[in-house]
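These notebook entries record what I looked up on the nonpolar packing and the aromatic rings.

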Amino acid sequence: MKAFALLFGFASVASGFRIKMELANLYDQELGKVVKDASAEVMLNINETWSAACAERVRMLVVDKAWDGTRIHRAIPNYIVQFGIPTASKEIADKYRPRPLLPEDKHPEASNVRGTISMAQADNESRNFQVFINFADNSFLDERGFLPIGKVDSGMDVFEKRVWAGEGDKVDQHLLESIGEIYARKTHPRLAKISRAYLVDDEGAEVVFSEQDMKAFYAEQYASFKKLIEDRKQYKAEKAARAEAEAAAAKGEERVEEEL
């Protein structure tokens, strides 16, 4: 989203930007339990050269406050920690849900090693608002199409030691997305919470947007979503044409074999 970056005039790291997240409802090692008021901050560096489209989506999510008030719903020791389902706002979820990103290949310099941030997906056509952080060298995920988009700058210890990992894969992501915070609070109250996520400058200070800035942002977002819809239609048409051509070629080969 280069126009957006130019519009607000910042690029906190070379070819990318930085995100600070304020976390709450964390595990207290001394008390041996999750404490609602226990808090910490973490810093993420997003690399636009690894995936401009994914970086644009993450920037949108943060500026849109889509991650504010959401839960870190999946934490598996020595593997990953995952978050991003916009549970605090149904309006935000409804805005992004029907607009997944188009498939793309992994950047050759990027890999799912310890400390990297990657887009979560069910397949390469479903990348949207969820991301995960690798706790270990998970480079085997590269071949499965998981795209790294940045690295944790500070706070890995928070993710590994203070984010409750007792739920593992038990959280029903569909219910979390459809019901939201009510589901999390009633069934998984120990899940860590992202109180706020926001862009910061080189000194780590929050980038504050004026009302005029936000109007420009939403105009840019609308244009981006419109183009994405058009590109997705073209992608689906080309995919269907390829499948039809492959099917026709396969039938042709069958006829040749029958004649022989």
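Are F83 and F159 buried or exposed? I worked from a predicted model, and I found both F83 and F159 buried.

Entry 1, nonpolar cores. I looked up the largest nonpolar core, which holds 54 residues. The members touching the most others are I19, M21, V58, W67, F83 and F159. Helix α2 (residues 52-63) gives this core its largest share, seven residues. I also noted a second, separate core of five residues, with I80, A120, F132 and F146 among them.

I left aside the neighbours within four places in sequence. I19 is then in contact with V42, M43, L44, I46, V58, V62, A197, Y198 and L199.

I recorded seven aromatic pairs from a search of the whole structure. In one of them, F83 and F159 are stacked, at 6.4 Å centre to centre and with 0 degrees between the planes. F83 belongs to strand β5 (residues 80-83) and F159 to helix α4 (residues 156-161), so this pair ties together parts 76 residues apart in sequence.

I next examined Y96 and F225. Because Y96 lies in helix α3 (residues 90-96) and F225 in helix α7 (residues 211-259), the pair ties together parts that are 129 residues apart in sequence. Y96 and F225 are both buried.

Technical notes:
Residues are numbered from 1 along each chain as its sequence is written. This is a predicted model: local features need pLDDT of at least 70, side-chain atom pairs count only at pLDDT 80 or more; totals for chains, interfaces and linings use all residues. Side-chain values use heavy atoms; hydrogens and water are left out. A nonpolar core is a set of buried Ala, Val, Leu, Ile, Met, Phe, Trp, Tyr and Cys residues joined through side-chain atoms within 4.5 Å. Buried means under 20% relative accessible area, exposed over 50%, partly exposed in between (1.4 Å probe, protein chains only). Helices (H or I, at least four residues) and strands (E, at least two) are DSSP runs, numbered from the N terminus. Contact means heavy atoms within 4.5 Å. Rings of Phe, Tyr and Trp (its six-membered ring) pair if their centres lie within 6.5 Å; planes under 30 degrees apart count as stacked, over 60 as edge-to-face and the rest as tilted.
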